[in-house]
Amino acid sequence: MTQTIEQQEIDLDLELVGAPNADRPWSTVVWNDPVNLMSYVSYVFRSYFGFSRAKAEELMLRVHTEGRAVVATGAREAMERHVEAMHEYGLNASVQKDDA
Amino acid sequence: MKAFARRKGGIVTSLDRAEAELLQSLSAQLIGMLEPLAGDDAAPLPGLVIGGSDAAPTDPALARLLPDAYLGDDEESRAAARDYRGLTESGLAGRKSANAAVVMSTATAGDIRLTEAEAQAWLHALTDLRLVIAERLGIEDEGSAIADDEEARTLAEVYDWLGWAQDSLVRAVDR
């Protein structure tokens, strides 16, 4: 009895941990490049994603210093639309799985 | 060229004749690069045109304008990149070409006034021009040295000028 209850609790925990990732398994990654201006990248993050000035600056700096940043997570189709928009803005971006 | 500024009714600047001619020439070259990949405007469903290629362009500058959306080296990623390119490339090339066409038609000598939509097209096109020139100059990271010949020096000056213009346009649009 005790054994069974513990087993159920463990399973429940696993589901709770797993659920958010199952809904958002894809990400949009923006990569650093030596061309795009910091002011422009920050502007793109605000105007396209609707990020606050603070969040856009933080993500832009992460791209600049770490070479890349995850700017969105969610369904694959949505990430592909984001990447296409980033490419239209001239930013280097890619769709990646399990990288939130 | 004056820095871009936001005035009532649009984004304004002024260009001298040489600057206007340079922007028109660069935009025309950009259109020339993109046009072979762009979708056919006469297609029955513009925007839904399918007809992209299945591999990244061999010209590195063009490949930078139309990059792969999936980067992994495994077969699944390569297949996803091919599928994505097939669905999006011609539309993306067409929109980039259309942005450059806006610069061509509005970059005239003297005072110019851009609508919000035209200013957005300029932002996109100035970025694309800088990406192409950076490839031609071999700029690969922040510390890349420019080749020490006359042509590269001239191109580097154009690159810096476009960067200055774009930064001023971002600031004007953003206020």
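This is a predicted model: local features need pLDDT of at least 70, side-chain atom pairs count only at pLDDT 80 or more; totals for chains, interfaces and linings use all residues.
I began with the fold of chain A and counted four helices and three strands. I read their order along the sequence as α-β-α-α-β-α-β. I then looked at contacts between residues at least 6 apart in sequence, and 71% of these join residues at least 24 apart. Of the 100 residues in chain A, 42% are buried. I noted an accessible surface of about 5,600 Å² for chain A, with 52% of it belonging to carbon and sulfur atoms.

**Area between the chains**

I turned next to the interface. The area buried between chain A and chain B is about 2,500 Å². Carbon and sulfur atoms give 53% of that area. Chain A puts 27 residues into the contact, and chain B puts in 34.

**Polar and charged pairs**

I found 14 residue pairs in polar contact between the two chains, counting pairs with both residues at pLDDT 80 or more. I also found five salt bridges between chain A and chain B. I checked A:Glu88 again, and its side chain meets that of B:Arg95 in a salt bridge at 2.8 Å, N to O.

**Where the chain A side comes from**

I listed the elements of chain A that give two or more residues to the side touching chain B: β1 (26–31), α2 (38–49), α3 (53–66), α4 (76–89) and β3 (92–97). The largest share, seven residues, comes from α4(A). By class, I sorted this side into 12 nonpolar, eight polar and seven charged residues.

Methods. Residues are numbered from 1 along each chain as its sequence is written. Chains are lettered from A and ligands numbered from 1 in the order in which they are written. Side-chain values use heavy atoms; hydrogens and water are left out. Contact means heavy atoms within 4.5 Å. Buried area is the accessible area (1.4 Å probe) that two parts lose on being put together, summed over both. A salt bridge is a side-chain nitrogen of Lys or Arg within 4 Å of a carboxyl oxygen of Asp or Glu. A polar contact is a pair of N or O atoms within 3.5 Å; within protein, one must be able to donate a hydrogen and the other to accept it, and residues adjacent in sequence count only if both atoms are side-chain atoms. Ala, Val, Leu, Ile, Met, Phe, Trp, Tyr, Cys and Pro count as nonpolar, Asp, Glu, Lys and Arg as charged, and the others, Gly among them, as polar. Buried means under 20% relative accessible area, exposed over 50%, partly exposed in between (1.4 Å probe, protein chains only). Accessible areas come from the Shrake-Rupley method with a 1.4 Å probe; for residues, only the protein chains shown count as cover.
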